[in-house]
Amino acid sequence: MKTFEKYVDSLDRLVQLTAKSSWIDHSEAIDAALDGQAASVIRNSMSLATQRSVGVFFTGSELAARMVRSIHGTLTPDSRVFDPAVGAGNLLVAIALQLPSEPRLSDTISNWGKLFGGCDLKPEFVAATKRRLALAAIRRGASGSVGSLDDSFSEVRVQDGLSAQKSIEEATHLVMNPPFTMVPTPDWCDWAEGKVNAAALFVARCLELARPGTRIVAILPEVLRGGTRYQAWRRIVGHRMQIDRAESYGVFDEWADVDVFILEGTVKAPSAQSVIVEWTPIPSKHILSDHFDVSVGPVVDYRDPHTGDWHPFVTSKNVGAWKEVTAFRKRRRFAGRVIKPPFVVVRRTSRPGDRFRAVGTIIRGKEAVAVENHLIVLSPRNRLLRDCKAALEKLRSEPTNVWLNARICCRHLTVQAVRDLPWSDA
């Protein structure tokens, strides 16, 4: 992080320089520091693989502004805005850029220091947050000398956000873009086992500790909104939070390459009546699983032993899209479950923006087939080829694209999403 430390020093110099003159003379440098520069420094000093492994992706200015747009009208002199995963402070800066400032920079920093709080495990990020908030104050018209910025914004500090109990309890507003990395489930989490997405933990922890009436706005990975594994998490959030917005945004940015959504709402009192929250479109009265058994292909090729009888082997790479396949180029020994044709396979890899969300192929023939786990299998219950053809037609339709884009924005389709596809016999 030596490069980022040098970047913090450059921010410090910019604050000291602009505090003594008109910010207009340094407007380009200030605007760059407040819009994307910190993320660019990270990308230039850290490999993309490392960024993904530690979850260091700062919220872009457009997304940050969209996230916090509803907060400004709810702020009062007694408000406390806290970001438990503050990073370089992009969310706090987005709020600050809409706030009035005092003529004197020191007075603005003093006032904002009572309003803003945040924490991060990286001291460099905390230091950058303080300096960027000072630059936001200058951008809003404040000027004058300022002392050590390390001593300002005392509620912005180095700490694990999951352990910041006092700050969460005292907050009136919680804003966050928590890391999306997979981490071991902590002892206090009773809704998941093994590894869990860290973003889910941040939201759950805040809902556990925050006072009723606290406003929460978070940018979260789409897997939390639509993934089968996070059904228990969604129930907890729906029970503890009055949800006003669960808005799909799209790809976080071109480097993170993760689809996200904005969650916004208010913490409810423990005694408040639980409200059923529909995170995704409600399944139709008639759905695909009324006619098909839906499952993931049983073969994990790199792991399953090559024993048992020989079978045709279907993978996502050896069957063409939207075709009927009767001849198989690849065969494999497999002792597990095999599937008797006719049936449809659907590629699991899929995301919004694809021409078709559910790309299918009909498998025909007399031999039972081994199917890899990168495919979802639709087996018609009445064993008729015509149902497979009907399914292929529905998968290729624009209504299916629209429905799946609303239902699941992850990069993989889930069995449940495919089961719930609307089905009309008309």
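Predicted model: local features only at pLDDT ≥ 70, side-chain atom pairs only at ≥ 80, totals over all residues.
1. Residues are numbered from 1 along each chain as its sequence is written, and side-chain values use heavy atoms, leaving out hydrogens and water.

2. Take a look at helix H1 (residues 2-19) and helix H3 (residues 37-45): their axes come within 9 Å and cross at roughly 155°. That makes H1 roughly antiparallel to H3 (the label for angles over 145 degrees). The axes here are lines fitted to C-alpha atoms, for helices over the stretch in contact, with angles from 0 to 180 degrees between N-to-C directions. Helices are DSSP runs of H or I with at least four residues, and strands are runs of E with at least two, numbered from the N terminus.

3. Which residues of H1 meet H3? On the H1 side they are Thr3, Phe4, Tyr7 and Leu11, and they meet Gln37, Ala38, Val41, Ile42 and Ser45 in H3 (contact means heavy atoms within 4.5 Å).

4. Now the backbone. Most residues other than glycine have a negative phi, and most peptide bonds are trans. Phenylalanine 153, in the loop between helix H8 (123-139) and strand S3 (156-158), has a positive phi near 45°. Its relative accessible area is 3%, so phenylalanine 153 is buried (buried is under 20% relative accessible area, exposed is over 50% and partly exposed is in between, with a 1.4 Å probe and protein chains only). Arginine 383 also has a positive phi, near 65°, but is partly exposed at 38%.

5. Check the prolines too: the peptide bond from proline 341 to proline 342 is cis, with omega near 0°. Proline 342 sits in the loop between strand S13 (331-334) and strand S14 (343-347).

6. How many salt bridges does the structure hold? There are 21, each a side-chain nitrogen of Lys or Arg within 4 Å of a carboxyl oxygen of Asp or Glu. One joins aspartate 31 to arginine 139, with the closest N and O atoms 3.0 Å apart. This pair links distant parts of the chain, helix H2 (residues 27-34) and helix H8, 108 residues apart.

7. Glutamate 170 and lysine 166 form a salt bridge (2.8 Å, N to O), and both lie in helix H9 (residues 165-170), four residues apart. Arginine 225 and glutamate 222 pair up at 2.7 Å, N to O, and both are buried.

Definitions and conventions
Parallel < 35°, antiparallel > 145°, perpendicular 65-115°, else oblique.
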